[in-house]
Amino acid sequence: MDGVTSIHQLFKRSALACIHMSSYRATQGLLAYSELPYEQQNSAWGLCMLGRICFEAGRYPEAAQAFGEAHRMAPYRVRDMDTYSTLLWHTKHEEALAQLAHKMVSVGRNTSPEAWIAVANCFSLDGDHASALKSLTRSIQMYKSSHCGTTSVPRNDAGGTGGLAYAHTLIGHENVALDELDRAQRAFRTAIRIDPRHYNAWYGLGVSYLRLGKPDLAEYHFKRALALNSQNPLLLQSSGAVHEYRKDYVQALRVYERVEQMLNDGAPARTPGSAACDALVTDSTVILSLRLHHAMNFVMFKRARMLVVLEKFGEASRVLEQLMRRCPREFN
């Protein structure tokens, strides 16, 4: 009976962690994750869950540690590697992304939609958006072919539709990069029809509307994205962009200051007493805090730019001097 009870508790805790992860509740997700048994926390499945929780919260350094360890433990695992490839795209790790894409294609060239998303991210980072779109189209075809003869929306192994919606969302972002905004909006709307809670597609629509010079519609879609994933400080930057477009520089500055404060105050993903603390330490190096987040540099630069516009040159100079110490090779 004790064995049955322990299995029941394991499934209950695992389900709770999955619910918080899919609902973009990072704080609750990390707490639920910390209550899993040591073996589950340090499995490839558990580390990928941790990586996704951190990624959706904008905690890229911690997510990179988790995904990297999971990939090392299970190099033939393709599930969640689409998210890992997007993380590597965001952090501009070209070599690691190329290696991941090569590995995924060697494993699942004809079976894995995630593999072709990784390939698409690799092309996108290299600036080859046309090839990225071809790879994403192939990924979508694989999702659909796995449900040939049915009228249902293709779902992944966990019963979710996120993978298909994600592929359409990335098509939208590639079209934004090519300035094909009509095509981009169609892709984002398709993603939302598949998964109305896919905040990235709502964000993408906001970006496209801002590019079209429609700040009110952009603001509406940015707010929808932030409502779905309120614990990601990076999404808050979008409202600052809207304020900049409206030349409301004081409000834009307040937004960037708030984002910077959130990144500064954000605690690392390590939970006291959790086995994840050990899983995310490599060569005695503790996981990075959000203060070292690469996005912090971008936010600080935007804040400095607003300070210059508002003629607060002394404060702008101090921020730019901090940036020079943080990223001396950045040409901006």
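Mentor: Contact here means heavy atoms within 4.5 Å. The model is predicted, local features need pLDDT of at least 70, side-chain atom pairs count only at pLDDT 80 or more, and totals for chains, interfaces and linings use all residues. Residues are numbered from 1 along each chain as its sequence is written, and side-chain values use heavy atoms, without hydrogens and water.

Trainee: Which residues of α13 does α12 meet?

Mentor: Helices are DSSP runs (H or I, at least four residues), numbered from the N terminus. From α12, the contact takes Y199, W202, Y203, L205, G206, V207, Y209 and L210. Their partners in α13 are P215, L217, A218, Y220, H221, F222, R224, A225 and L228.

Trainee: Are α12 and α13 roughly parallel or roughly antiparallel?

Mentor: Axes are lines fitted to C-alpha atoms over the stretch in contact, with angles from 0 to 180 degrees between N-to-C directions. Angles under 35 degrees count as roughly parallel, over 145 as roughly antiparallel. The axes of α12 (residues 199-211) and α13 (residues 215-228) come within 8 Å and cross at roughly 165°. The pair is therefore roughly antiparallel.

Trainee: How many residues of α6 are buried?

Mentor: Buried means under 20% relative accessible area with a 1.4 Å probe, protein chains only. The buried residues of α6 are M81, D82, T83, Y84, S85, T86, L87 and L88. For α6 (residues 81-90), that is 8 of 10.

Trainee: Which residues of α7 make the contact with α6?

Mentor: The axes of α6 and α7 (residues 94-108) come within 9 Å and cross at roughly 160°. That makes the two helices roughly antiparallel. On the α6 side stand M81, Y84, S85, L88 and W89. On the α7 side: A96, L97, L100 and M104.

Trainee: Which residues touch the most other members of the largest nonpolar core?

Mentor: A nonpolar core is a set of buried Ala, Val, Leu, Ile, Met, Phe, Trp, Tyr and Cys residues joined through side-chain atoms within 4.5 Å. The largest has 48 residues. The answer is F67, M81, Y84 and L87.

Trainee: What does Y84 contact, leaving aside neighbours within four places in sequence?

Mentor: Y84 is one of the buried residues of α6. Beyond those neighbours, its contacts are F67, G68, H71 and L100.

Methods
Parallel < 35°, antiparallel > 145°, perpendicular 65-115°, else oblique. Buried < 20%, exposed > 50% of the residue type's maximum accessible area, 1.4 Å probe, protein only.
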